Amino acid sequence: MRRNPLPLACFAAAAVMLGGCARHSGDTIRIGVIAELTGAIPAVGASCRNAAQLAAKEINDAGGIEIGGKKKMIELVIEDTAAKADQAAAAVQKVITRDEVAAIVGPNSSSNALPAAEIAEKGGVVMIAPWSTNPKTTLDAQTNLPKQFVFRACFTDMFQGHVLGKFASETLKAKKAAMLYDVASEVLKSQSELFKQSFEAGGGKVVAVETYTTGDKDFSAQLTKIKKAGPDIVFLPSYYTDVPLQVQQAHRLGLKVPFLGSDAWSTEELIKMCGKDCDGFYLSNHYSPQTTNPVTRRFIDSYQAAYHSVPDDVAALTYDSFGLLRQALVAAKTTDRRAIRDALSRTTDYQGVTGNMRFTAGSGDPVKGAVILQIKDDKFVWVTDVQP
Amino acid sequence: MTYFLQQSLNALQLGSVYALIALGYTMVYGVLTMINFAHGDFFMVGAFLCFISVARLHLPFVPTLLISMAGVALLAVGVEVAAYRPLRNAPRVSAIITALGVGIFLEHFTLALSPYPLHIPPAFANVTWSAGGLAVSSLQVVTVLLSVGLMAALQFVVARTPLGIAMRAVSWDRDTAALLGVPVDRVISATFAIGGALGGAAGMLYALSYPVIDPYMGVLVGWKAFISAVVGGIGDVRGAMLGGYILAAVEIAVAVALPSTYRDFVAFSLLIVLLIFRPYGILGRPRPQKL
Amino acid sequence: MNRHTAGALLRDRRVLYALTAVGFLLSWAIPRFGLLDSYVQLILMYVGINVILCLSLNLINGYMGEFSVGHAGFMSAGAYTASLLTVRVFPHGAAWAFPAACLAGGCAAALLGLLVALPSFKTRGDYLAIVTLAFVFIVKSAVENIDAAGGPRGLLGMDRLTTLPWVYAWTVGTVFVIRNFIYSRYGRGVLAVREDETAAEFMGVDTRQVKVLTFVVASFFAGAAGALFAHLLQYISPGMFDIVKSTDMLVMVYLGGVASIGGSLLGASLYTVLLEALRPLAMWRMVLMPLLLVLLMIFRPRGIMGLREFPWFRRRCPPQGGGQPCGACGIGGSAGADRTDSLTVGVAAAAQPRPQVPLLDVSGLSHRFGGLAAVSGFSLRMSSGELVGIIGPNGAGKTTVFNLITGAYRPDEGRILFSGQDITGLRPGAINAAGIARTFQNIRLFKDLSVLDNIMTAHYARSSCGVAEALTHAGGYQAEEARVRDHSLELLAFFEMQGQSAACAGSLSYGLQRRLEIVRALATRPRLLLLDEPAAGMNPLEVDQLMEFIRRVRAEFGVAVLLIEHQMRLVMSLCERLEVLDFGTTIAAGTPAQIQSHPRVLEAYLGQESAS
């Protein structure tokens, strides 16, 4: 029988790959960046990685951070989750165990952040999720008490839904609203539910609820039904890639009421794709690219210079995550993971790109406001800030 | 009534695209008994070629169509020669897995070149006519007409031309066809070229109708096309067309009649029911078994 | 250590048991003492879960030869059932909660497996693939709509109950059960269904039972794997169990090698580890992986293991039957060639002649295919031990008569009595059980199985081994297997074929294949044997041997023989009487001598002029 060399070769290869030990950090401060570089949301991963690299460069160009009397540089360890939960968990475990990172930034989508948070919590390493708005990310799943090591840089869906509902009934004076959301996306679904709660608490009525599934491109059936129900506004918390299709199809069907969006709309790409169709619509967001705030302006200019596009909210929030970390590292003067955690939770005043942030007793959720923007003349125009 | 007509129009447009892609599947299946899982990704490449043609090269409609079709045809033949031909005599499943691999490769290669979704600017005049509450866009009309035209052309090729006869011969018995002098390799390459061209055309029409494209857009559409081809009867050209329209009709009908959360659930259950009553698809026939 | 001792070690079953025990110890010690870091432990657990998934999918796709893409749906069912139980129902911290939840997850998935098996009775191949595809979407959509299970938000709150020892235990258990299943009569049935489902039916294999069992066993383990997965990540959502997950599992199965336990172990391990090891490539990881896959498929189309199996998982050589790749052990084996008395005595005893009732009584048989009357008013009576021939021009309806008698179709009109029992319209398996066996015009052996396996498969219906015994190889299993094996070897020895018992059936010479098909039919202990053109394609010498063979079969086994033939020499010298068919009806009947000069027969064969 001819010997088949492959099985033996495979065993050998596997052994080699699994073997290997931790790399000691030595003279650098290692930060893990867990991003969805491939898979369902590569745009999010790309923005996150870009902002992380920009932030690290700026810190290093300024001389690094003083740790234990010496100035040390930031070293990024970037890992891909392929937008899959098991890969997110493996990536986080790897950077904790093998790369001995001091802290972790990412993942962004909640389906990745939730399992990653479990591992970070168990491993006692600070994890800041820039963009995950699911309230459960920073809470212990069984006790609902805050986790110790998991933070986020954005507001939660609870806050956002509340903000939007209030805005719709008080400012837009809408009485009847329709909703269209992705039934397979837990973020968008919960945003819709919270909006409905808030809107109806303010006296409005939701007259049509339609759904689609991730990947759908044709919404004519649902939009036709919405048109029939005759709403004053349509709440459309879709990702910016779907919004242009939905709005254009709606207009083609003769549905001309204003659309209201959430942070899922949040990038200038949306305006490019949607054009005149989206003019006049409102959305909530983490920051306003049109702001006059100098801190934000500087960030936008640097990002544009480096990557030739206006940063989206994922980029802005990732940049702020690094800012928070930097502040904590400076205060702690050590790369001890617990000390970093303590310093971070004591953040009382951080002037970020996405606004002012502080962490209150024990909670990993920052107290910060949201921004309402309007699309006008191909630009996001700031309308108002809503503080908690 | 207008509502019903409007939805029917939507179904017609979506169905045309599904049908075009399903045709590409069924052709390759008919000739090689191989499920080319990379076909959805060929479709995606067609959409990206359309983007390049419209947004970067600013070409008008017909050259864009030609570029999409020819580009994907070339890709399909290239993939066939490089990846599938070596497996011609291997177990069928090996070729299917290879096709999966090719598909994933195409997705991630495109991703590496362009991670952000791309928007195709409206370059061709898209007029919307309103007739008694019914909204019809010129793009919809072009999509349907072009699809039907391509399908008719394909039916003609398969039924009336020497190439078509050769394809059918190869699909029934490859070895005997070879023995009778049919240039099997060339016929198979031609099949892939035609299937690829159809997929490229579908990609372009889809991209123009839903102008936001990303590297993964072909995955779900690919599976839907596979379903369309099977529902209509694998290997049958008319069956693929029928299957595409039926699938689109079911999808839209279910979204209309039921809360949309149940759409997938009902659509796929209907599918299973259909296969229980017609286990070989609507127009398919089991290959006769001599006992 | 040279190659020789390595080979010997691989073959010694005790080495396998020892390694397994060491593995248990290690799986406990590693987390306890931190022998490997947390990252490696996590990856090892991923490997274990993937091995379970891969093995169970291999059962459906590899051994049964289907193309199921629905495995993610089973995994989802198991994950959700187990998670809901540990989070909402079972008391926290109870030691029995986790294993119970995993078992429950497996059972929930098995129930779904039962459902999915049902369409497989009628649908095969790519159409069944669509059913499994639809299944995945249906499960995903269903869970998304169940708010109590978290809907698309997913389910949280599971404790980290999955540990390395648990994963190891389940992996070992899966290998154990699936290997046992393969090397049982059900496993032979599965392989027969893959090779030639129709022939399997006619040889008495209950194909429905086999399909149900396969799906149920496979889905059970997929569900258990889902439960383990859920309690490792502590978070599940319906989107995690989509078609992409299914295709990942598919890739692992075919990468490793279908129908090979070792292949699944390797494929799953390699895939999982490679995915992690290529992390330094960042985004290009997912460009390289599929490229490697394509290259591997081109150069090794049958996967890493090809068609082979690790010797540990095989039966000991010389071949003693059951699912191993034929020809792998080399030619060998001999057993009880001197036990022929029991062989024939057993069969002859079963063939008690019952002079009052004719063995076969066919009356008024008619059947149409569309507008064509294939058979019209055919009648035949046979007694025990008779040797009757059916002849007639091509298209006369001879094989159709066989098909009607053996249950391939239900006749439009007519009645078929076998020893007084009405067998009209029964399924082929039931007719075979009653005592009729057949061969086919185009040989329908199980070509990729060994000669011995072909014979042993035919014992399916006469085996008393139950499912539990098959899965554990305990109880009466060993004795039953020995009995079947011995009987099969005796049969082969009786016809001087025991030397080829390990050879692939498809590699035999044409004449031997024909002979094997007849022996396989005999293994089902028939009282009436139907031979469809057994001499087709044979040269005069082979025809002589065949005649001798048939005579011997009839004499020693006491079976009646009804045969269809075109070779006049054989028919005239072998048959006691003949029925001549033309256009679906009997045009003449009688002894060979009578038929030879019968005018209508001459007319049918040679045309009008010769008759006069």
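Predicted model: local features only at pLDDT ≥ 70, side-chain atom pairs only at ≥ 80, totals over all residues.
Which residue stands opposite L530(C) in β9(C)? The answer is R438(C).

Start with the strands of chain C. Strand β8 of chain C covers residues 436-438. Three bridges join β8 to β9(C), and the two run parallel. On to the next partner. Five bridges join β9(C) to strand β10 of chain C, residues 560-564. These strands also run parallel. Here D532(C) stands opposite I564(C) in β10(C). How does the chain get from β9(C) to β10(C)? The path goes through helix α20 of chain C, residues 540-557. This β-α-β crossover is right-handed.

Next, turn to where chain B meets chain C. The contact takes 37 residues from chain B and 38 residues from chain C. Three helices of chain B each supply at least two residues of the side that touches chain C: α4 (92-113), α9 (217-232) and α11 (263-277). The largest share of that side comes from α4(B), with 12 residues. What is the side of chain B made of, by class? There are 28 nonpolar, seven polar and two charged residues.

Stay with α11(B) for a moment. It has 15 residues. At 1.5 Å a residue, the helix should span 21 Å, and its end C-alpha atoms are 21 Å apart, so the two values agree. Several of its residues are buried: R263(B), D264(B), F265(B), A267(B), F268(B), L271(B) and L275(B). An α-helix has 3.6 residues a turn, so residues three or four places apart point the same way. What covers the buried residues of α11(B)? The cover includes α9 and α10 (237-257) of chain B. It also includes α6 (125-145) of chain C.

Another residue of chain B deserves a look. L198(B) sits in helix α8 of chain B, residues 184-209. Is L198(B) buried or exposed? It has 32 C-beta neighbours inside 10 Å, so it counts as buried. Leaving aside neighbours within four places in sequence, L198(B) is in contact with L20(B), L23(B), G24(B) and L150(B). A19(B) is 179 residues away from L198(B) along the chain. Even so, 9.8 Å separates the C-alpha atoms of the two.

Finally, some backbone details in the loops. In chain A, a cis peptide bond joins G106(A) and P107(A), with omega about -10°. P107(A) lies in the loop between β4 (103-105) and α4 (110-123) of chain A. Further along chain A is D377(A), in the loop between β15 (370-376) and β16 (379-386). Phi of D377(A) is near 50°, a positive value in a residue other than glycine. D377(A) counts as exposed because it has 9 C-beta neighbours inside 10 Å.

Chain C holds E496(C), with phi near 55°, again a positive value in a residue other than glycine. E496(C) is found in the loop between α18 (477-494) and α19 (510-522) of chain C. With 10 other C-beta atoms within 10 Å, E496(C) is exposed.

Terms used: Residues numbered from 1 in each chain as written. Chains lettered and ligands numbered in written order. Contact = placed C-beta atoms within 7 Å. Helix = DSSP H or I, 4+ residues; strand = E, 2+ residues; numbered from the N terminus. Nonpolar A, V, L, I, M, F, W, Y, C, P; charged D, E, K, R; others polar. Buried ≥ 20, exposed ≤ 12 C-beta atoms within 10 Å, placed from the backbone. Pairing = 2+ DSSP bridges. Right-handed = clockwise from strand over helix to strand, strands pointing away. Expected span 1.5 Å × (residues − 1).
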